[in-house]
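Reader: I'm new to this one. Could you walk me through it, and tell me what the terms stand on?

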Amino acid sequence: MTNSKMKVYLLLRTHNRPNEFRCCIESITKQTILPEIIIISDDEKDEYINEVTVPHQIFRPKYKKPRWWIRHHNPFNDYFNQALTFIPDGHFIYYLDDDDELVDSDWIKTIIDNNTDLLIARFQLGKSHNNALIGDEVVRGEIGGSCIAIRSEIAREFKWPSRGAGDFFFINQVLNNYQAVFIPVIAGKVQVDLHRSWGRRKNH
């Protein structure tokens, strides 16, 4: 029986991708159990997020300029760290980007039913990666943030590095301290190949 007291907080990053965002939201609404949706947007010009009709919150993160030069600096990873500060313990976190979509309609239910520290599912990449499935092992290039669901209190223990492959380094930190449960479920997939571009991205 699904624990009705536990919730999944879905952290959804978006930046100037209205069409992909709408498809992502549509896929979330098809879940048999709806998550607590937190939309993370650093640009108030992203007015398309106001079209969302399912219950949600909007989080406006603060851009933090690095104190020194970092190759492949990615400020969007830190936005996950910031959003976690007001999510209560005893629940789960799932990470998603606006160019992704959920394909397993029971994925949120599966997270709650498994009730484990770190749950890792499979995720399908786009055409430029031969539609490969990742999530079978924690190896750089073979795992992504959208493969994992994690307890909220554990997620707060570790930081997403503001650099390329930040999801891998985050997951690796967690695995050094907690055990993961791998399941052969394809939770989601990439909608289209955007070659790591965050829409009409600001010059960070």
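Reader: What is the mean pLDDT of the protein?

Author: The mean is 89, and 87% of the residues reach 70 or more; pLDDT is the predictor's confidence in each residue, from 0 to 100. This is a predicted model, so local features need pLDDT of at least 70 and side-chain atom pairs count only at 80 or more, while totals for chains, interfaces and linings use all residues. Numbering starts from 1 along each chain as its sequence is written, and side-chain values use heavy atoms, with hydrogens and water left out.

Reader: Over which residues does pLDDT stay under 50?

Author: That's residues 197-204. The model has 27 contacts for them beyond four places in sequence, a contact being heavy atoms within 4.5 Å. Where pLDDT is low, predicted coordinates should not be read in detail.

Reader: How many helices and strands are there?

Author: Five helices and nine strands. Both are DSSP runs, numbered from the N terminus: helices are H or I with at least four residues, strands E with at least two. From the N terminus, the order is β-α-β-β-α-β-β-α-β-β-β-α-α-β.

Reader: What makes β4 and β8 a pair?

Author: Two strands pair if DSSP finds at least two bridges between them. β4 and β8 have three, in the antiparallel sense, so they pair by that definition. Here Phe92 stands opposite Arg151 in β8. β6 and β8 also run antiparallel, joined by three bridges, and Ile120 stands opposite Ile148 in β8.

Reader: Which residues of helix α3 are called buried?

Author: In α3 (residues 107-114), they are Trp107, Ile108, Thr110, Ile111 and Ile112. The buried residues of α3 pack against several strands, including β1 (8-13), β6 (118-124) and β9 (180-190). Across the protein, buried residues make up 48% of the 204.

Reader: What makes a set of residues a nonpolar core?

Author: Its members are buried Ala, Val, Leu, Ile, Met, Phe, Trp, Tyr and Cys residues, joined through side-chain atoms within 4.5 Å. The largest such core has 32 residues, and Leu11, Ile40, Ile93, Tyr95, Ile148, Ile150 and Phe170 touch the most other members. Among the elements giving it two or more residues are β1, β4, β8 and α5 (166-175). A second, separate core of 27 residues includes Cys24, Tyr48, Ala149 and Ala187.

Key: Buried means under 20% relative accessible area, exposed over 50%, partly exposed in between (1.4 Å probe, protein chains only).
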